[in-house]
Amino acid sequence: MRVEGAVTSLTCRGQDDQFFIGTNKCQMYRSAYATFQEELVAVCHTEAVNDIVFPEGHSDLFVTCSTNDIRVWYTPERLERLRVTVPNVTCHAVEVTRDGMVIISAWNDGKIRAFVPATGEPMYEINNAHNLGVTAIAATSDCKQIISGGGDGQVRIWNIGEKTQKLREVLKEHRGAVSCIKINKNDKEGVTASLDGTCVIWDLVRYVRKQMILDNTLFKCVCYHPGEYQIITSGTDRKIVYWEVLDGSAIREVQGSLSSSINGMDITSDGASFVTDSMLWALSARAGFTSSAAALAVVWKAGANPGMWDRHNGLRNHGNTCFMNAVVQCLSNTAPLAEFLALGRYRARGARAEVTHRLAALVRALWTRDYTPQLSAEFKNIVSEHSAQFRGNAQHDALEFLLWLLDRMHEDLGGGGGQALSLDANLLWGHTERCETFDNPPLCQENFKVQLLEVWGFQNAQVP
């Protein structure tokens with residue numbers, strides 16, 4: 001029996017006559033004792049996935065790229081169909097031409113490589129396409145031109161013939177690496193995003209800049225709205241921003257991630273929803289999108305009010321629990337704390353910590369679209385068990401409940417070498433310290449003051 005890579009694990013399949021083999025090349029094989037013949041059952045890249053693309057009009061195949069290889073996957077069977085290996089180099093970006101006949105790819109050795117999708121055979125190479133590596137790539141819909149971006153900040157247009165590949169134009173506006181390239185439907189306009197904090201909209205007929213967008217971020221991705229009168233950008237500032245193509249003005253923005261940059265984005269053909277990947281939230285199975293490195297994809301509603309999360313915004317009342325729901329919503333929208341709870345980045349002191357566990361489950365459900373009234377009912381019940389003050393269905397003061405809940409979390413989670421979360425006896429001052437529980441920079445060694453702001457509302461008030 002021969003497998004790829006060093007064997008790192010072996011296991012039997014219960015009482016069956018089969019066993020499984022795992023290797024350091026991220027391959028998993030199955031074999032029967034009788035035949036002792038290997039069968040590959042699961043495989044993945046050994047390094048980070050740098051780009052994913054579906055061919056135009058196809059959902060059963062997609063292409064990924066990583067260090068040393070490009071792979072073609074068959075969605076219905078969840079199997080790798082083709083692997084194109086180029087040793088000792090990294091593929092930064094990949095694209096399938098509109099006719100589906102060519103896979104073009106961008107590599108850190110400065111080359112653009114093209115392959116036959118069905119067989120993986122090389123078609124052509126463009127050497128020295130960019131001095132500091134090719135970092136982004138796109139093809140026009142007529143498949144006659146390639147637009148590439150490099151680590152040098154240059155954007156280059158290549159004419160692609162049956163046997164020749166010639167440099168047509170060099171566009172110099174960016175000062176940092178080009179991270180993403182998109183072309184509109186008629187091939188007359190394109191947009192490039194760069195790590196220098198600029199997005200440039202190009203006239204691809206006259207090869208001049210039409211508009212430049214500047215922002216205080218490192219742009220990681222950009223895409224056209226289906227109407228092509230707007231573009232959507234995101235990057236290291238964790239914001240998703242809509243911009244007018246005509247004048248480059250910002251239309252609206254929303255916080256797209258709590259702590260990590262947004263590295264990839266795409267929008268549906270009808271413009272109703274778009275998807276972002278980040279390194280923050282666990283993916284809801286109903287969302288239908290996945291991302292590498294345990295990242296999660298978040299689906300956004302981009303219709304009448306772009307930037308609103310497609311998630312449950314409200315909590316069911318269980319009696320007069322408005323005070324409790326308001327506090328939970330505030331904590332759920334406090335970015336560092338929401339991340340801390342939703343991703344389970346805490347360790348409970350002792351065997352219980354039931355209040356914190358239930359709160360974490362509730363916050364996680366809000367952000368992964370898995371909320372049900374049962375979750376908030378369970379949270380209310382566990383609060384009632386630990387505090388006679390909040391039993392029953394009476395209304396209570398939201399601030400009192402907030403301070404009780406923070407103090408309860410301190411009891412649940414405080415530990416290690418110091419007090420992770422501490423409040424004074426009067427519940428007016430508090431501080432966090434680095435310890436075994438809160439080993440997270442945004443929540444470390446911070447002093448805070450509990451301050452009450454009363455807001456009064458009047459309805460049908462008459463002013464004399």
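Is serine 234 buried or exposed? At 1% relative accessibility, serine 234 counts as buried, because the cut-off for buried is under 20%. Before I go on, please note that the model you see above is a predicted one.

Let me stay with serine 234 for a moment. Serine 234 sits in strand β20, which covers residues 230-235. Leaving aside residues up to four places away in sequence, serine 234 touches Phe219, Lys220, Cys221, Lys239, Ile240, Ile262 and Met265.

Next, the charged side chains. Side chains of opposite charge can pair when their charged atoms come close. How many salt bridges does a search of the whole structure find? The search gives 16. I will go through one group of residues.

Start with arginine 71. The side chain of arginine 71 forms a salt bridge with that of aspartate 69, with 3.0 Å from N to O. Both arginine 71 and aspartate 69 are buried. For arginine 71, the relative accessibility is 2%.

Arginine 71 also has a salt bridge with glutamate 80, where the closest N and O atoms are 3.1 Å apart. Is glutamate 80 buried or partly exposed? Glutamate 80 has a relative accessible area of 21%, so glutamate 80 counts as partly exposed, given that buried means under 20%.

From glutamate 80 we move to arginine 83. These two side chains meet in a salt bridge as well, at 3.0 Å from N to O. Arginine 83, at 24% relative accessibility, is partly exposed.

Taken together, Asp69, Arg71, Glu80 and Arg83 belong to a network of salt bridges that also includes Glu4.

The last topic is a pair of helices. Helix α3 runs over residues 354-367 and helix α4 over residues 373-386. Their axes are 9 Å apart, and the two helices pack at an angle of about 160 degrees. Which word describes the direction of α3 relative to α4? The helices are roughly antiparallel, because angles over 145 degrees count as such. The crossing of α3 past α4 is left-handed.

Which residues meet there? On the α3 side they are Glu354, Val355, Arg358, Leu359, Leu362 and Ala365. On the α4 side they are Leu375, Ser376, Glu378, Phe379, Ile382, Glu385 and His386. Sorted by kind, the residues of this contact are seven nonpolar, two polar and four charged.

To recap: serine 234 is buried in the model, Arg71 and Glu80 are part of a salt-bridge network, and α3 is roughly antiparallel to α4. That is the end of my part.

Note on methods. Residues numbered from 1 in each chain as written. Predicted model: local features only at pLDDT ≥ 70, side-chain atom pairs only at ≥ 80, totals over all residues. Heavy atoms only, no water. Salt bridge = Lys/Arg side-chain N within 4 Å of Asp/Glu carboxyl O. Buried < 20%, exposed > 50% of the residue type's maximum accessible area, 1.4 Å probe, protein only. Axes fitted to C-alpha atoms, helices over the stretch in contact; angles between N-to-C directions. Helix = DSSP H or I, 4+ residues; strand = E, 2+ residues; numbered from the N terminus. Parallel < 35°, antiparallel > 145°, perpendicular 65-115°, else oblique. Left-handed = near helix turned anticlockwise from the far one by under 90°. Contact = heavy atoms within 4.5 Å. Nonpolar A, V, L, I, M, F, W, Y, C, P; charged D, E, K, R; others polar.
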